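Student: I would like to learn how to read a few features from a model. Please take them one at a time.

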Amino acid sequence: VLFGLAPALEAARGGASASRLRGGTRGSRGRRVLVSLQVAGSVIFLVAAGLLSRSVGATLSMDAALQTDRLAVVNVQRPADVDPASWRTALEQELLGEPDVREVALATAVEISPFWDMTSAEIEVPGREDPVWVPFNAVTPNYGPMVDLDILRGRWLDEGDRAGSVAAIVVNQRFVDAYLPEGDPIGRTLRVERLREVSTPLAGGAVAARIVGVAETVQNTPLEEPTPYFWASLDQFPAALIMVHASGDVPGRVAAGLARQTAGEVTIVGPSTYAELIDTNTIGQRAVARLLAGGALFALALAVIGLGGLLSVSVAMRLRELSIRQALGATRGDIIRAVLGESGRLAAWGLALGLLVVVPVAALSRSVLPGVSPLDPVTLLTTVGVLAGCALLTALPPALRAANADPLTYLRGE
């Protein structure tokens, strides 16, 4: 704040002598450095806020890949003393009795969750010495069609994938790229050593799971690059915590129906629309984006104050030079361009310095900026545009003041 206000306060003091102003070359150079640093700081905040906001926007727009706009969800705990298949069937029939509910599917997770790795499996991957932990979602067969998950190869899970039959899994394309890059993954059998749900081992030992399909890679973490992932049959991979998905024309009414039908159940996450759940899961990222945006506005305000003050001092220091130029035939446009050019040079130096800092840092943080490149053209062009506009508006008042000054009056005073 002091760096930004000092030039402005100095320019506001009308009693400064011309000789004092002419003798301030060293101080002026220091002020130029400080203003350039302020501009660089505002660039860093603007780019960081822009990249994070764009990444959060990409995460929230996942319904472009999955049909989630009509979904409502509720998380319930299956009683320990009931048969999983019978309990699932009874729950589905009760929910389908609601007038606003059209379809029902059960799963162990939602596709975007900060707790995406709580339900995961330890898998032996061919060619790797150590097994890998891979997050998964155990679902009922109608889950894939309900969310409109795109199957790239093979098939989706069906009613034949029940307990007692060969375990079937559908992996995403990222899984194939990371662990099975060579050959056709369809029909490959992987050994699933252990399962865990919220750090608790699931029932059963090692399982031989056969890949029956490859699905598109969709966002499965709030603010990280999508990971290798697979879907399995809920009958073959039973779990205690169930995320009930229901669809209908009005998600709010569907959520109300879920609340009525699960009133007697132990609920971990209350009934809500899918959009509300995703908003909740990304609340931290959106809060950080807002803080960065606030910091960017504050830094930009300081840069504008500093730039305006510096230009005011610079014009006062150069009045004799500018008056001589006018006396020798320079036009008002020449004077305005001279002042605007100085403002542009300071903004350009600050812009270059800020980009030199923020772009490499953004590149190193690529894993936490899904859906956006560190060189995102929208963010960078917006930053350049905002900075150029502020530099222009800040430079216009001192430029017009210099252009409208009477050179004869100043030269006569000299």
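Student: In which loop does Asp-148 lie?

Tutor: Asp-148 is in the loop between helix H5 (143-147) and strand E5 (151-154). Helices (H or I, at least four residues) and strands (E, at least two) are DSSP runs, numbered from the N terminus. This is a predicted model: local features need pLDDT of at least 70, side-chain atom pairs count only at pLDDT 80 or more, and totals for chains, interfaces and linings use all residues. Residues are numbered from 1 along each chain as its sequence is written, and side-chain values use heavy atoms, with hydrogens and water left out.

Student: What is the phi of Asp-148 near?

Tutor: Phi of Asp-148 is near 60°, a positive value in a residue other than glycine.

Student: Is Asp-148 buried, partly exposed or exposed?

Tutor: Buried means under 20% relative accessible area, exposed over 50%, and partly exposed in between (1.4 Å probe, protein chains only). Asp-148 has 47% relative accessibility and counts as partly exposed. Over the protein chain, buried residues make up 45% of the 414 residues.

Student: How many helices and strands does the protein chain have?

Tutor: The secondary structure comes to 13 helices and 12 strands.

Student: How do I read strand pairing, and which strands pair with E4?

Tutor: Two strands pair if DSSP finds at least two bridges between them. Strand E3 (residues 119-124) pairs with E4 in the antiparallel sense over 4 bridges, and Ala-121 stands opposite Val-134 in E4. Strand E10 (residues 230-233) runs parallel to E4 and is joined to E4 by 4 bridges. There, Asn-137 has Trp-231 in E10 as its bridge partner.

Student: Why is E4 described as largely enclosed?

Tutor: E4 (residues 132-139) has 7 of its 8 residues buried, so the rest of the structure largely encloses this strand. E3 is also largely enclosed by the rest of the structure, because 5 of its 6 residues are buried.

Student: Which residues touch the most other members of the largest nonpolar core?

Tutor: In soluble globular proteins, nonpolar side chains tend to be buried together. A nonpolar core is a set of buried Ala, Val, Leu, Ile, Met, Phe, Trp, Tyr and Cys residues joined through side-chain atoms within 4.5 Å. The largest one here has 38 residues, of which Ile-123, Ile-169, Val-171, Phe-175, Phe-230 and Val-244 touch the most other members. E4 gives the largest share of this core, 4 residues.

Student: What does Val-244 touch?

Tutor: Contact means heavy atoms within 4.5 Å. Leaving aside residues up to four places away in sequence, Val-244 touches a list of residues including Ala-72, Val-76, Leu-91, Leu-106 and Leu-258. For the protein chain, residues 24 or more positions apart account for 82% of the contacts with a separation of 6 or more.

Student: How many salt bridges are there, and which residues are linked in a network?

Tutor: Side chains of opposite charge can pair when their charged atoms come close. A salt bridge is a side-chain nitrogen of Lys or Arg within 4 Å of a carboxyl oxygen of Asp or Glu. The count comes to 7 salt bridges. A network of them links Arg-88, Glu-92, Glu-159, Arg-162 and Asp-235.

Student: How far apart are the closest N and O atoms of Asp-235 and Arg-88?

Tutor: In this salt bridge they are 3.2 Å apart. Asp-235 lies in the loop between E10 and strand E11 (241-247) and Arg-88 in helix H4 (residues 84-96), so the pair ties together parts that are 147 residues apart in sequence. Asp-235 is buried at 16% relative accessible area, and Arg-88 is buried at 8%.

Student: What about Arg-162 and Glu-159?

Tutor: Their closest N and O atoms are 2.8 Å apart in a salt bridge. Arg-162 is partly exposed, at 37%, and Glu-159 is partly exposed, at 46%.

Student: Last, which residues of H10 are buried?

Tutor: An α-helix has 3.6 residues a turn, so residues three or four places apart point the same way. In H10 (residues 319-327) the buried residues are Leu-322, Ser-323 and Gln-326. They cover an arc of only 100° around the axis, so they are on the same side of H10. The arc is that of the directions from the helix axis to the C-beta atoms.
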